[in-house]
Amino acid sequence: MHKKEKGYGEKKLICDIVADKADIISGINQSVWDFAEFGYHEERSAEKIKEVLLEEGFELESGLAGIATSFVGRYGSGKPVIGILAEYDALPDLSQEAGVAKPCPIKGKEYGHGCGHSALGAGAVGAAIAVKEYLKQTGQTGTVELYGCPAEETGFGKTFMVKAHCFDDLDMTFCWHPMDGNMSMSVRTVAYYKARFDFKGRTSHAGAAPELGRSALDACELMNVGVNYLREHIISNARVHYAYIDCGGKAPNVVPDHASLLYFVRAPKLKQSGEILERIKKIAQGAALMTETEVEIQVLGGMSDTIPNPTASKLLADSFVETGAPDFGEEEFAIARKFLDIMPEEQKARVIAEGAKRNGISPEEFARRPLNTFIVPYTDAMRDRVMTGSSDVGDVSYQVPTAQITAAVGVPETGAHTWQMTAQVGTSIGDKASLAVARAIALACAKVYEEPAIVEQAKKELLEETGGVYISPIPDGIVPADVE
């Protein structure tokens, strides 16, 4: 252990550490990308990360909130205690060969990292390792905790972990998300509820005795029609999505006596989501009445809106600017050009024009280097924006001052939850983004350890926003197995 030499500084120390650990961090992205496991089944992904943490000297605790693939790795002692959030779940139907700019699913694989969580986990772990080395080499007081958080996509793992008080000892939390640009993610995501509607009817021969049947599938269809009309009469920032999880069978000549729907109901605040859900429940009951079927409604849980903490957000964003955007080179630009070339001409022209403007280069240069390498500075106005996606980071943000950043893992306008995202994040583009956020988050942590008063200001802001009130979207009695 040694104190920092004069002029060495936290930034250089941390950048050197991340450079030294680059192969380990990139290896996590590549391994987790290859495993591509669905929420609550991320056994190999979680084990890979835990392996690395143990080798790096972290103390491990597994099975948080009763979830087998959750864990926390701890290093250091005393206050402040800073949490870093890692995710590693993949999405169904997004298997894709890395770096291939056409649909090319990997044989035998269903899932793919179309939201970039392989890189998300790698960057978070890289940051935790860098903070560990910083604490070790400087003798600074403080604790870093790396949280392995399963099932963000469909199972709101962090929400279960909040309900189980996993984050109660934290003073501040940092995380990031793969996107197509580099900036503070200090926007407000929306809350949502997840609910299941199971209709029960009566079978009969659809040709010989249709009058004896009571179709559960008809009830689902009528419910969806009713909800479609409801969409005109809800607030503009709300979103309602559905999927059939049981279509009633495969035989058209059998009146189906079972059929089920899964609904997501999003709105800026959890209370608003709940109010819309109550109206949807009435529509479901009406559909059951019209078809003389029965409906069972089960609210499975959800996520709270995200509160971007002003002090923490500015701190993390400023640290990102200091440590720099991903160090993309010709290897990454060559991969990116393939994905730019497959875009429709109108979109391609827009991406080039806007990318050139954002990065301060000519359109011709951006077409050769079509990845964002500019970091958008933080502004307080970002906190007024509402992004109509959802994240279980929101529930953490009600408990602990929380900040997030984004880093580019693909060509601009590469949409999340697409095979194009899967294909790009599994290359060195995803690796380089992971290294960049590891530097930024680690430097932000170092600044908090150096100036603990930052925590008190951030906690004051959080209390002013929430009034100390948090209501879990997960009903009592619901466990992770219910929402897989």
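Which residues do ring pairs link into a cluster? In this predicted model, the cluster that ring pairs build consists of Phe156, Phe160, Tyr192 and Phe264.

View 1. The rings of Phe156, Phe160, Tyr192 and Phe264 are joined into a cluster by ring pairs, and the structure as a whole holds 13 aromatic pairs.

**View 2. The aromatic pair of Tyr147 and Phe167.** The two rings form a tilted pair, with 4.8 Å from centre to centre and 55 degrees between the planes. Tyr147 belongs to strand E6 (residues 142-148), whereas Phe167 sits in the loop between helix H5 (157-163) and strand E7 (172-179), so the pair ties together parts that are 20 residues apart in sequence. Both Tyr147 and Phe167 are buried.

**View 3. The aromatic pair of Tyr398 and Tyr470.** With ring centres 5.8 Å apart and planes at 50 degrees, Tyr398 and Tyr470 make a pair that is tilted. Tyr398 is found in the loop between helix H12 (393-397) and strand E16 (402-408), and Tyr470 in the loop between helix H15 (453-466) and helix H16 (480-483), so this pair ties together parts that are 72 residues apart in sequence. Tyr398 has a relative accessible area of 16% and is therefore buried, because buried means under 20%, while Tyr470, at 22% relative accessibility, counts as partly exposed.

**View 4. The crossing of helices H2 and H4.** Two packed helices are described by the angle between their axes and the distance between the axes. Here the axes of helix H2 (residues 22-35) and helix H4 (residues 117-138) come within 8 Å and cross at roughly 155 degrees, which means that H2 is roughly antiparallel to H4, since angles over 145 degrees count in this way. The crossing of H2 and H4 is right-handed.

View 5. An unreviewed UniProt entry lists residues 195-285 as "domain: Peptidase M20 dimerisation". In the model, the end C-alpha atoms of this span lie 14 Å apart, and the span is 34% helix and 26% strand.

**View 6. Ala90 and its separation from Asp318.** Ala90 lies in the loop between strand E3 (81-86) and strand E4 (91-92), and with a relative accessible area of 1% Ala90 is buried. The C-alpha atoms of Ala90 and Asp318 are separated by 30 Å, and the two residues are 228 residues apart along the chain.

Definitions and conventions. Residues are numbered from 1 along each chain as its sequence is written. This is a predicted model: local features need pLDDT of at least 70, side-chain atom pairs count only at pLDDT 80 or more; totals for chains, interfaces and linings use all residues. Side-chain values use heavy atoms; hydrogens and water are left out. Rings of Phe, Tyr and Trp (its six-membered ring) pair if their centres lie within 6.5 Å; planes under 30 degrees apart count as stacked, over 60 as edge-to-face and the rest as tilted. Helices (H or I, at least four residues) and strands (E, at least two) are DSSP runs, numbered from the N terminus. Buried means under 20% relative accessible area, exposed over 50%, partly exposed in between (1.4 Å probe, protein chains only). UniProt positions are given in the numbering used here, feature names are shortened, and annotations may be inferred rather than shown by experiment. Axes are lines fitted to C-alpha atoms, for helices over the stretch in contact, and angles run from 0 to 180 degrees between N-to-C directions. Angles under 35 degrees count as roughly parallel, over 145 as roughly antiparallel, 65 to 115 as roughly perpendicular and the rest as oblique. A crossing is left-handed if the near helix is turned anticlockwise from the far one by less than a right angle, and right-handed if clockwise.
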